[in-house]
Amino acid sequence: MNGAQDLGGQMGFGPIELEENEPNFHAPWEERAFAVTLAMGATGSWTLDASRHARETLPPAVYLSSSYYEIWTRGLEKLVLAAGLVSEEELKAGKSLGPAKPVKRVLKANDVAATLSKGGPVDRPEENPARFAVGDRVRTRRMHPETHTRLPRYARDVEGVIEAVHGVHVFPDTNAHGKGEQPTWLYGVLFKGTDIWGPDSDPGLTLRIDLWEPYLDPA
């Protein structure tokens with residue numbers, strides 16, 4: 001969707017400031033936000049793509065005025081409400097007001113390290129041949145879905161070249177909305193900066209974006 005998270009090419013937000021020796025977390029509550037989000041994701045109550053969509057559908061004023069882990073926390077609130085795991089009253093009270101709702105799985109403390117090191121692979125077996133090969137010229141589709149997509153707004157309806165074929169992966173556009181994984185081919189597509197940003201862009205700039213096959217057509 002074209003939400004506040006899709007900032008590529010937008011002006012007026014100032015430079016990205018790098019913090020030297022930046023810590024993983026700037027406050028203890030950020031550690032808790034990270035831990036709770038991962039623990040709830042491990043319950044299997046929603047998919048990773050659904051959690052991304054929950055964050056990107058925050059109202060723009062809320063999203064842009066929130067810190068990174070505030071966005072995570074607010075997205076998690078939406079997810080647990082939608083899944084019926086808490087009520088509005090419980091969120092306001094900051095505590096349970098009734099028996100806990102059952103979940104599919106529980107991530108135990110002793111299993112955290114092994115679970116994180118294992119990760120959550122999203123590559124899947126190949127069932128159909130790839131439509132494109134390295135060196136093929138493609139054009140991204142012009143699309144403005146209200147649902148989740150990983151095709152950035154600034155990179156739509158632009159020509160590029162297939163630089164890598166990554167195999168078959170879960171398709172986030174369907175997986176975010178309970179329509180199944182629908183695995184499809186994933187490609188690394190190389191774009192010229194001038195094709196994306198126009199002739200005023202740095203002529204030496206190139207951009208590589210990983211894009212799923214449904215986003216692409218032959219150029």
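1. How far does helix 1 reach from its first C-alpha to its last, and how many residues does helix 1 have? In this predicted model, helix 1 has 14 residues and spans 20 Å between its first and last C-alpha atoms. That reach is close to the 20 Å expected at 1.5 Å a residue.

2. On the overall architecture, the protein comprises eight helices and six strands. Read from the N terminus, the order of the elements is α-α-α-α-α-α-β-β-β-α-β-α-β-β. The C-alpha atoms occupy a box of roughly 55 × 45 × 35 Å along the principal axes. The protein has 219 residues, of which 33% count as buried. Of the contacts between residues at least 6 apart in sequence, 65% join residues at least 24 apart.

3. Helix 4 can be described in the same terms. With 15 residues, helix 4 reaches 22 Å from first to last C-alpha, close to the 21 Å expected at 1.5 Å a residue. Y69, I71, W72, G75, L76, L79 and V80 are the buried residues of helix 4. They cover an arc of only 165° around the axis and are therefore on the same side of helix 4. Among the elements covering these buried residues are helix 1, helix 2 and helix 3 (60–64). After helix 4 comes G84, which has a positive phi, near 75°.

4. Which residues does S51 touch, leaving aside those up to four places away in sequence? They are W46 and L79; L79 is also one of the buried residues of helix 4. S51 itself lies in helix 2, residues 48–56. S51 counts as buried because its relative accessibility is 8%, and the cut-off for buried is under 20%. S51 and S201 are 150 residues apart along the chain, and their C-alpha atoms are separated by 34 Å.

5. The largest pocket has a volume of about 1200 Å³. It is lined by 39 residues, and those closest to its centre are G41, A42, L48, G119 and G120. By class, the lining consists of 20 nonpolar, 11 polar and eight charged residues. At least two lining residues come from each of helix 1 (28–41), helix 2, helix 4 (68–82), helix 6 (112–118) and helix 7 (172–175). Helix 1 makes the greatest contribution to this lining, with six residues.

6. Beyond residues up to four places away in sequence, W197 touches G8, G9, Y154 and L205. Between W197 and G120 there are 77 residues in sequence and 34 Å in space, C-alpha to C-alpha. G120 is one of the residues closest to the centre of the largest pocket.

Note on methods
Residues are numbered from 1 along each chain as its sequence is written. This is a predicted model: local features need pLDDT of at least 70, side-chain atom pairs count only at pLDDT 80 or more; totals for chains, interfaces and linings use all residues. Side-chain values use heavy atoms; hydrogens and water are left out. Helices (H or I, at least four residues) and strands (E, at least two) are DSSP runs, numbered from the N terminus. Buried means under 20% relative accessible area, exposed over 50%, partly exposed in between (1.4 Å probe, protein chains only). Contact means heavy atoms within 4.5 Å. On a 1 Å grid over the protein atoms alone, a cavity is a set of points where a 1.4 Å probe fits but cannot get out, and a pocket is an open set with protein on both sides within 12 Å along at least five of seven lines; lining residues have an atom within 4 Å of a point. Grid points are joined across faces, edges and corners, and a volume is the space filled by probe spheres set on the points. Ala, Val, Leu, Ile, Met, Phe, Trp, Tyr, Cys and Pro count as nonpolar, Asp, Glu, Lys and Arg as charged, and the others, Gly among them, as polar. The expected span of a helix is 1.5 Å times one less than its number of residues. The arc is that of the directions from the helix axis to the C-beta atoms.
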